[in-house]
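Here's a quick tour for anyone meeting this structure for the first time. Have a look at the sequence and the model, then read on.

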Amino acid sequence: MEREIWETKGKSLVVGKLPTGCQLCIDGKKMVLFITGLCTAKCFYCPLSEKRRWKDVIYANERKITKIEEAIEEAKIMKAEGTGITGGDPLIVLPRTIKAIKLLKNEFGEEHHIHLYTNAIHLTREKAIKMKKAGLDELRIHPIRTRDIYKVAIGKKAKLTTGIEIPAIPGREEEIKRMLKKLEKLKADFININELEFSSTNALNLKMRGLKLKDGSITAVEGSEEEAIRILEWAAKNTNLNVHYCPSRLKDQVQLKNRLKRRAHQIALKHEKITDEGLIIKGIIEVKEKINLNDVYNKILNKYKLSEEEIIINKSKRRIETSIETAVKIAKDKKLNKILNIFIVEEYPTDQRLEVTRTPLSK
């Protein structure tokens, strides 16, 4: 009997059950812990940036950190309900990975869901058991070698929810179908199929293999989604597997947006507004040379009868920040206009507050 293919609220497609890790990611409730960029695989489609690829660096979401304890801080800021540990290959730095799992579980409790990605080259029964004892919930294997498919059995024996995560590379449909039949015998808990994507670091490799951008997309590979859907339809008719197709648009338009919104709501100050995209928007006031910032701040504070929550001095960026409405009012003041540069800015609600847009109000 053919099973139904259903659509998630993130517009991804599923036959069977959606993995818990995926559900939390779609909702933006998972922190992304990039534990290392070190990896023994050399996947031609690896999308990692030059800052991360083959480098032993750690990031909690977009925040570069030097110790795992800082990841706990980031998880608290966004009120994370789970964590996805990725790389590189987290098994290359297993003691660090184990420490992270233990700290997260100790801080947030057993209900804090943790999944981990690995190519399984270094996966052994002993390592799987160690990760399970530390508190790992879900193991996602990205098999580079055919024999690593069978390491699903290692995860299952360690009582980890274990599945496979692969990209839909155009031209490999039959190969993936054969893999799925093997995974059914191994009783894999799920298979995630991702739409293949272009990045600045893999673009040349993809083009050399004749792959092109899909019309209307700046990242998705032409033919990848169609292949993934054909595999999903085949799996619905020929297997009992839980199969999830994750399109590239879900990552930016849903997953990332929801995660940014979640963090923004925790960190936004009274004068800052949150956009539908999860960005923070506000007014900023920069003083021209030799003008005292504190004097300008006090003048605006008194003239517009503002509370100290409605206007602040950002010492690190040497500027005054306030609401859009107040910035617009100040921009109309001809005297202040002569000594100030006034803008509306949009920023990511990340640790570095990366500025996205800047619209001038003063002349």
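## A helix lying across strands

Helix H6 (residues 173-185) lies across strand E9 (161-168), strand E10 (190-195) and strand E11 (243-246), and it runs at about 175 degrees to E9. Helices (H or I, at least four residues) and strands (E, at least two) are DSSP runs, numbered from the N terminus. Angles run from 0 to 180 degrees between N-to-C directions, with axes fitted as lines to C-alpha atoms, for helices over the stretch in contact.

One thing to keep in mind: this is a predicted model, where local features need pLDDT of at least 70 and side-chain atom pairs count only at pLDDT 80 or more, while totals for chains, interfaces and linings use all residues. Residues are numbered from 1 along each chain as its sequence is written, and side-chain values use heavy atoms, leaving out hydrogens and water.

## The sheet

So how are the strands laid out? There are 11 of them in an open sheet with mixed pairing, in the order E1-E2-E11-E10-E9-E8-E7-E6-E3-E4-E5. Two strands pair if DSSP finds at least two bridges between them. At the edges sit strand E1 (5-7) and strand E5 (63-65), each pairing on one side only. From one strand to the next, the twist averages 25 degrees.

Helix H3 (residues 94-108) also packs on the sheet, touching strand E3 (30-36), strand E4 (58-60), strand E6 (82-87) and E7. Contact here means heavy atoms within 4.5 Å.

## A buried glutamate

Glu-227 is found in helix H8 (residues 224-238). Glu-227 is buried (under 20% relative accessible area; exposed is over 50%, partly exposed in between, with a 1.4 Å probe and protein chains only). Glu-227 has no salt bridge, meaning a side-chain nitrogen of Lys or Arg within 4 Å of a carboxyl oxygen of Asp or Glu. The nearest side chain of opposite charge, Arg-230, is 4.1 Å away; Lys and Arg count as positive, Asp and Glu as negative, and His and the chain ends are not counted.

## Salt bridges

The whole structure holds 40 salt bridges. In one of them, Asp-189 and Lys-156 meet at 3.0 Å, N to O. That pair links distant parts of the chain, 33 residues apart: Asp-189 is in the loop between H6 and E10, Lys-156 in helix H5 (residues 152-157). Asp-189 is partly exposed at 25% relative accessible area, and Lys-156 is partly exposed at 29%.

Glu-225 and Lys-214 form another salt bridge (3.4 Å, N to O), and both are buried.
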